[in-house]
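Please look at the sequence and the three-dimensional structure shown here before reading the report that follows. The text moves from the whole chain to its helices, and then to a few single residues.

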Amino acid sequence: VNTSGEASKQGFSLEGLRDAWPKIQELKHVAIDGLMTMAPLTEDKDVIEKCFKDLEHLGKELGLRQLSM
């Protein structure tokens with residue numbers, strides 16, 4: 001999940017995954033166990049923490065327990 005919104009990173013945006021989640025769950029041969037994100041390369045700990053907290057909240061919202069950050 002692109003929690004930082006950086007154009008150089010791939011993946012769903014937070015809202016994009018929320019919107020796509022019902023259709024993803026309908027896929028018979030796809031099982032999603034968790035989410036992954038990468039924070040931007042910065043020394044600003046607030047920016048990094050926000051990226052990770054956003055993923056944590058989304059994981060809880062979608063019922064996913066595995067997070068890779």
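Predicted model: local features only at pLDDT ≥ 70, side-chain atom pairs only at ≥ 80, totals over all residues.

Residues are numbered from 1 along each chain as its sequence is written, and side-chain values use heavy atoms, with hydrogens and water left out.

## The chain as a whole

The secondary structure of the protein chain comes to two helices and two strands, and read along the sequence they follow the pattern α-β-α-β. Here helices (H or I, at least four residues) and strands (E, at least two) are DSSP runs, numbered from the N terminus. Taken along the principal axes, the C-alpha atoms fill a box of roughly 40 × 25 × 15 Å. Of the 69 residues in the protein chain, 28% are buried, where buried means under 20% relative accessible area, exposed means over 50%, and partly exposed lies in between (1.4 Å probe, protein chains only). Among the contacts in the protein chain with a separation of 6 or more, 53% join residues 24 or more positions apart; contact means heavy atoms within 4.5 Å.

|---|---|---|
| Helix 1 | Leu-14, Leu-17, Ala-20, Trp-21, Ile-24 | Asp-19, Lys-23 |
| Helix 2 | Cys-51, Asp-54, Leu-55, Leu-58, Gly-59, Leu-62 | Lys-45, Asp-46, Lys-50, Lys-60 |

The buried residues of helix 1, which include Leu-14 and Trp-21, cover an arc of only 145 degrees around the axis, which puts them on the same side of helix 1. The arc is that of the directions from the helix axis to the C-beta atoms. What covers these buried residues of helix 1 includes strand 1 and helix 2. Helix 1 has twelve residues and reaches 16 Å from its first C-alpha to its last, close to the 16 Å expected at 1.5 Å a residue, the expected span being 1.5 Å times one less than the number of residues.

For helix 2, the buried residues include Cys-51 and Leu-55, and, seen down the axis, the buried residues fall within an arc of 130 degrees, so they line one face of the helix. An α-helix has 3.6 residues a turn, so residues three or four places apart point the same way. The cover over the buried residues of helix 2 includes helix 1 (14-25), strand 1 (34-36) and strand 2 (66-68). The 18 residues of helix 2 should span 26 Å at 1.5 Å a residue, and its end C-alpha atoms are 26 Å apart, which agrees. At the start of helix 2, a side-chain oxygen of Asp-44 reaches to within 3.0 Å of the backbone nitrogen of Asp-46, and just after helix 2, Gly-63 takes a positive phi of about 75 degrees.

## The nonpolar core

The largest nonpolar core has eleven residues in all, among them Val-1, Leu-35, Leu-55 and Leu-64. Helix 1 and helix 2 each supply at least two residues of this core, and helix 1 gives the most, with five residues. A nonpolar core is a set of buried Ala, Val, Leu, Ile, Met, Phe, Trp, Tyr and Cys residues joined through side-chain atoms within 4.5 Å. Not counting residues up to four places away in sequence, Leu-55 touches several residues, including Val-1, Leu-35 and Leu-67.

Is Asp-54 buried or exposed? Asp-54, found in helix 2 (residues 45-62), counts as buried at 17% relative accessibility. A polar contact of 2.7 Å joins the side chains of Asp-54 and Lys-50; a polar contact is a pair of N or O atoms within 3.5 Å, and within protein one must be able to donate a hydrogen and the other to accept it, while residues adjacent in sequence count only if both atoms are side-chain atoms. Leaving out residues up to four places away in sequence, Asp-54 touches Thr-3 and Leu-14.

Phe-52 is also found in helix 2, but Phe-52 is partly exposed, with a relative accessible area of 26%. With residues up to four places away in sequence not counted, Phe-52 touches Thr-37, Ala-39 and Met-69.
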